[in-house]
Amino acid sequence: MAVIDLKSDTVTKPGEEMRKAMYEAEVGDDVYGEDPTVIALEKKAAALTGKEAALFVVSGTMGNLVSLLTHCSPGDGAILGQKSHIYYYEAGGMSALGGILPLTVDDSQGIPSVEDISHWCRPANVHFAPARLLCLENTHNKGGGIAVSPSTFREVAEGAREMGLAIHLDGARIFNAAAAWNVGADEFTTHVDSVQICLSKGLGAPVGSLICASSTFIEEARYWRKKVGGGMRQAGIIAAGGLYSLENNIERLAEDHCNAALMAGILAEAGIEVEESPQSTNMVFFKTPSSLDEEMFLSSCFSKGVQFSSVEPGRFRLVTHIDVSREQVIQASHIIAKEVQCWS
Ligand SMILES: Cc1ncc(COP(=O)(O)O)c(C=O)c1O
């Protein structure tokens, strides 16, 4: 039995056309700047985000890390959400490798308030690590896949700028945010100094992310990428999959959002506590009664053909993506609904 895998949008496998593009990719040594496919990918990403240049990196984590290392020096503070991926899920790289102090703020609504950010922008004083950078995330993963609106995003970014902060955007799913609000990704990225975009999430490519920013920023980021071991040689093979995804898979993200809404509706109708989000995307979070044995519940769902995960005790995440169809989403929702009733 084929399992319907809803644990993440990172589980997608390249389809035939993408594999063909990878197979046929023209390659060169990218550390020497000689890989034409990587160059084409970087140009495409820069154009989509309205930035001067881009840098191909191995992963979203590396994209965020290299960006933070480029923005900050050891002892600098970076303001970021308590639930942000950089703070919560990236192994403390910013502190371990950059000596950067995380200055955390509430981001339960998907983006911190200007007021909360301002608390960390303190006058120069020998006691304080200076806050240099604000990190935002859109869509916000742990926050529920929320897509922050262009107007709220702009308001917060402008507020941060007035406080003298540079801004980095973890845009692992920025094209989902753009699809949710029916705007171009540049509606968001224009307000930040650097953005990291992931090819290996909803876009369906197997590997890779890009940092998009000014040419001078990217030039410096290139050194940091090398220092953390991220300089790749004939990377055009994987860049070709990414380029294919940017050319073919952005528009279809809206389908994943429709499927997620469909799933949320079926679960809610079955009496399950589904988290409501002002602008939902490809993620559905739901809660279960404390009486439910999580391990048994997850393994029973798996045995019936649906896989997903728990993000916190009693809180589960389902993610739609290119490799699950509307029919599979409906089937999975009914299985989950039945299992919740069974195990509660
Ligand atoms: C919001 C966000 N940022 C960054 C990352 C890191 O990406 P990677 O797994 O490619 O390192 C993820 C991964 O899921 C993510 O959800």
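Select Phe297 and Phe308. Both are buried in this predicted model. Phenylalanine 297 sits in helix H13, residues 294-303. Phenylalanine 308 sits in the loop between strand S11 (306-307) and strand S12 (309-312).

Now look at the aromatic rings across the structure. The search finds 8 aromatic pairs in the whole structure. One of them joins tyrosine 88 and tyrosine 89. Tyrosine 88 is partly exposed, at 44% relative accessible area. Tyrosine 89 is partly exposed too, at 36%.

Go back to the two phenylalanines. The ring centres of phenylalanine 297 and phenylalanine 308 are 5.8 Å apart. Their planes lie at 70 degrees, so this pair is edge-to-face. What does the pair of phenylalanine 297 and phenylalanine 308 tie together? It links helix H13 to the loop between S11 and S12, parts that are 11 residues apart in sequence. With Phe297 and Phe308, they form one aromatic cluster.

**The largest pocket**

Next, turn to the largest pocket. It holds about 340 Å³ of space. Select Glu275, Glu276, Ser277, Pro278 and Ser280. Of the 19 lining residues, these are the closest to the pocket centre.

Colour helix H12 (253-269) and strand S10 (283-287). Each supplies at least two residues of the lining of the largest pocket. Which element gives the most to that lining? Helix H12 does, with 5 residues. By class, the lining of the largest pocket has 10 nonpolar, 7 polar and 2 charged residues.

Now colour by domain. Domain 1 spans 16-248, and domain 2 spans 252-343. Where does the largest pocket lie? Both domains give residues to its lining, so the pocket lies between them.

**The second largest pocket**

Move to the second largest pocket, with about 210 Å³ of space. Select its lining in two steps. Start with Asp30, Val31 and Gly33, which are among the lining residues. Colour the selection by residue class. This lining divides into 5 charged, 2 polar and 2 nonpolar residues.

**The cysteines**

Show the cysteine sulfurs. How many disulfides are there? The count is 0. A disulfide needs two cysteine sulfur atoms within 2.5 Å. Centre on cysteine 121, which is in no disulfide. Its nearest cysteine sulfur belongs to cysteine 72, and is 12 Å away. Cysteine 121 is partly exposed, at 25% relative accessibility.

Then centre on cysteine 301, which is in no disulfide either. Here the nearest cysteine sulfur is that of cysteine 342, at 9.6 Å. Is cysteine 301 buried or exposed? Cysteine 301 is buried, with a relative accessible area of 0%.

**Last stop: asparagine 138**

Select asparagine 138. It is found in the loop between strand S5 (131-137) and helix H7 (150-162). At 0% relative accessibility, asparagine 138 counts as buried. Asparagine 138 and glycine 75 are 26 Å apart in space. In sequence, asparagine 138 and glycine 75 are 63 residues apart.

Technical notes:
Residues numbered from 1 in each chain as written. Predicted model: local features only at pLDDT ≥ 70, side-chain atom pairs only at ≥ 80, totals over all residues. Heavy atoms only, no water. Buried < 20%, exposed > 50% of the residue type's maximum accessible area, 1.4 Å probe, protein only. 1 Å grid on protein atoms, 1.4 Å probe; cavity = no way out; pocket = protein on both sides within 12 Å on 5 of 7 lines; lining within 4 Å. Points joined across faces, edges and corners; volume = space filled by probe spheres on them. Helix = DSSP H or I, 4+ residues; strand = E, 2+ residues; numbered from the N terminus. Nonpolar A, V, L, I, M, F, W, Y, C, P; charged D, E, K, R; others polar. Domains from an automatic or database assignment. Phe/Tyr/Trp six-rings, centres within 6.5 Å; stacked < 30°, edge-to-face > 60°.
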